[in-house]
Amino acid sequence: MSNTDEITPAKSQQGVEESDNVVSYDKTKEHPLQHVWTLHYDSGYVKGQEWGASIKPVANLETVEEFWRLYNNIIRPNELSGRNPHELAATYSIFKQGVKPMYEDSYNKSGGVWTLQFNTRDDEMASRSWLFTILAMIG
């Protein structure tokens, strides 16, 4: 997207001007993140498929506003498929732009993984914890 793109329809908000049912959106009025982050979606391993083939980038997040637009429109982690114990679950991961969500990426050679497990089926708590972890990470 360029700095000024036309989208329709939209709610009136800072940086958005409406005229004749066309909305002109000025991205320069958004609040940039310190780093660009990429949300990845992994639909889960399928037998016979090369590992990592199911991982797809969803969006790059450059601003606070882009993060919230995406977050407010994606399926929450606790609602992803793979809740059957015999399936590998679909997952999200967030990495700095250009870093692949796999150990084989040279940026991750000394890295690790954060995994949250809960002893409760309180799905809302799991989703809130995921959100708070991401917010702490991206700033």
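## Threonine 38

In this predicted model, threonine 38 is in contact with Pro57, Ala59, Asn60, Ser93, Ile94, Phe95, Lys96 and Gln97, leaving aside its neighbours within four places in sequence. Threonine 38 lies in strand S4. The side chains of threonine 38 and asparagine 60 are joined by a polar contact of 2.5 Å.

The relative accessible area of threonine 38 is 6%. Because buried means under 20% relative accessible area, threonine 38 counts as buried.

## Nonpolar core

The largest nonpolar core has 16 residues, and those touching the most other members are Leu39, Phe67, Ile74, Tyr92, Trp130, Ile134 and Ile138. At least two residues of this core come from each of strand S4 (32-42), helix H1 (64-71), strand S6 (91-96) and helix H2 (123-138). H2 gives the most, with four residues. In soluble globular proteins, nonpolar side chains tend to be buried together.

Phenylalanine 67 touches Leu61, Leu131, Ile134, Leu135 and Ile138, when residues up to four places away in sequence are not counted.

## Buried side of H1

Glu66, Phe67, Leu70 and Tyr71 are buried in H1. These residues are on the same side of H1 because they cover an arc of only 125° around the axis. An α-helix has 3.6 residues a turn, so residues three or four places apart point the same way.

The buried residues of H1 pack against S4, strand S5 (55-63) and H2.

Conventions: Residues numbered from 1 in each chain as written. Predicted model: local features only at pLDDT ≥ 70, side-chain atom pairs only at ≥ 80, totals over all residues. Heavy atoms only, no water. Core = buried A, V, L, I, M, F, W, Y, C linked by side-chain atoms within 4.5 Å. Buried < 20%, exposed > 50% of the residue type's maximum accessible area, 1.4 Å probe, protein only. Contact = heavy atoms within 4.5 Å. Polar contact = N/O pair within 3.5 Å; in protein donor to acceptor, adjacent residues only side chain to side chain. Arc of directions from axis to C-beta.
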